[in-house]
Amino acid sequence: MLMRVTRNFLISASVIVLLATVSSCKKKDDSALSGSNAVSTTGDIVVGALGPTTGAEATYGVSAKNGIEMAFEKINGAGGVAGRKLRMVFYDDQGKPEEAAAVMTRLITQDKVVAVLGEIASSRSLAMAPIAQTHKVPMISHTSTNPKVTEIGDYIFRVCFIDPFQGSVVATFVSDTLHSKKAAVLRDLKSDYSVGLAQFFKEKYVGSGGQIVAEEAYSSGDIDFKAQLTAIRATKPDFVFVPGYYTDVGLIIRQGRELGIVVPFGGGDAWDSDKLFEIGGKSMEGTYFSNHYSPDSEDPIVKGFVAEYKQKYGAVPDTIAALAYDSAGVLAEAMKRARSLSGADLRDAIAHTNGYMGATGKITLDAKRNPTKSAVIIKIENGKRNYLKTINPSG
């Protein structure tokens with residue numbers, strides 16, 4: 001009898017140890033998948049960020065870093081989040097999707113961040129988002145406008161409008177204000193952003209009675225666009241849509257003018273950089289692009305943001321800086337409302353963002369984790385980006 005009891009006791013003890021071991025492993029796995037820093041209640045709150053600070057799109061990364069840095073300083077100066085300071089860990093991803101994915105993994109597994117702010121380009125956000133989703137670490141993109149980004153999962157958010165709206169905005173403006181009837185499109189085949197925006201522009205433009213008379217393509221990094229532009233010139237369009245990044249756009253429009261294309265060119269928010277004027281020069285006069293905000297706005301929040309940014313960095317903040325600033329603000333406000341900083345709790349708090357007033361307008365996230373926001377049309381005149389008009393989601 002004693003031997004039986006002892007044997008049963010030993011078996012029960014072994015089962016308890018086994019269950020405890022399994023439970024411990026599960027807790028470790030859950031912790032790894034939700035960001036190991038999420039359970040910490042003391043010290044700095046570590047937030048990851050990334051963008052290109054070297055390479056062709058370096059101005060974008062610098063602007064994003066500046067915007068987040070300024071937002072965190074302001075938040076920390078007002079007491080932080082529950083008395084804890086926000087600390088940014090920022091890495092240069094060189095503008096490469098594979099590097100962005102590697103950086104995202106590093107931020108989560110080594111730096112133990114509770115959330116990640118970025119990326120700027122849709123192609124890089126699409127490379128990062130599956131990693132954030134797998135590890136259950138919230139990610140908020142500043143300016144990735146391709147709708148596929150947030151479709152990857154419920155931990156992926158953005159503070160910018162999306163390309164179906166942006167494409168519609170430009171097409172509506174071109175049709176109604178510029179009275180365009182025949183447009184040409186020149187898109188970057190390597191860019192998810194460019195391909196998607198071109199498609200949404202075409203759908204709305206044709207639906208409004210316009211005709212696409214030419215469709216040409218290039219690859220980012222090309223420097224000679226004369227063959228495509230010559231083909232476009234032959235179709236005699238009254239507008240040329242170039243949904244590319246400023247690095248390519250400046251060269252494209254300069255070469256287009258040299259070939260005698262005098263009609264307006266237009267594009268999307270990726271045009272917004274001071275470098276555009278360095279590359280394109282006077283050729284940029286009379287061109288248009290859609291954007292998320294204008295530093296010329298009379299809104300008190302915008303004026304305050306612009307003044308602080310100019311004082312700190314000695315420059316007028318571009319759209320990237322403004323949206324990065326807003327992404328940091330949305331995250332901080334969600335942290336203040338969240339039950340904890342664990343992945344699921346923080347995700348839920350971000351998802352309930354409603355009426356956050358930022359530099360780029362009011363931000364309320366919908367069920368697909370996208371904001372419904374207005375867009376502005378910018379006209380380039382006298383070497384400057386000038387606010388022309390606002391177009392609301394209602395059209």
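This is a predicted model: local features need pLDDT of at least 70, side-chain atom pairs count only at pLDDT 80 or more; totals for chains, interfaces and linings use all residues.
Two residues are in contact when heavy atoms lie within 4.5 Å of each other.

Leaving aside residues up to four places away in sequence, Met139 touches Met104, Val116, Gly118, Glu119, Ser125, Met128, Ala129, Ala132, Tyr155, Ile156 and Phe157. One of these, Val116, is 23 residues apart from Met139 along the chain, yet the two C-alpha atoms are separated by 4.7 Å. Met139 counts as buried because its relative accessibility is 0%, and the cut-off for that class is under 20%.

His142 is found in the loop between S4 and helix H5 (148-151). Its relative accessibility is likewise 0%, so His142 counts as buried. The side chain of His142 makes a polar contact of 3.1 Å with the side chain of Ser327. Beyond residues up to four places away in sequence, His142 touches Ser327 along with others, including Ala64, Ile68, Leu117, Val159, Cys160, Leu323 and Ala324. Gly118 and Glu119 are among the residues touched by His142, and they are also among those touched by Met139.

A further loop residue is Glu57, located between strand S1 (45-51) and helix H2 (58-77). Glu57 has a relative accessibility of 15% and therefore counts as buried, given the limit of under 20%. Not counting residues up to four places away in sequence, Glu57 touches Pro52, Arg124, Tyr245 and Tyr246.

Attention now turns to the sheet. Seven strands make up an open sheet with mixed pairing, in the order S7-S6-S8-S9-S10-S13-S14. Its edges are strand S7 (211-218) and strand S14 (384-391), each of which pairs on one side only. On average, neighbouring strands of this sheet are turned by 25° against each other, direction ignored.

Within this arrangement, strand S8 (residues 239-241) and strand S9 (residues 265-267) run parallel and are joined by two bridges. Val240 has Phe265 in S9 as its bridge partner.

Helix H9 (residues 246-258) lies across strand S6 (182-188), S7 and S9, and H9 runs at about 165° to S9.

Terms used:
Residues are numbered from 1 along each chain as its sequence is written. Side-chain values use heavy atoms; hydrogens and water are left out. Buried means under 20% relative accessible area, exposed over 50%, partly exposed in between (1.4 Å probe, protein chains only). Helices (H or I, at least four residues) and strands (E, at least two) are DSSP runs, numbered from the N terminus. A polar contact is a pair of N or O atoms within 3.5 Å; within protein, one must be able to donate a hydrogen and the other to accept it, and residues adjacent in sequence count only if both atoms are side-chain atoms. Two strands pair if DSSP finds at least two bridges between them. Axes are lines fitted to C-alpha atoms, for helices over the stretch in contact, and angles run from 0 to 180 degrees between N-to-C directions.
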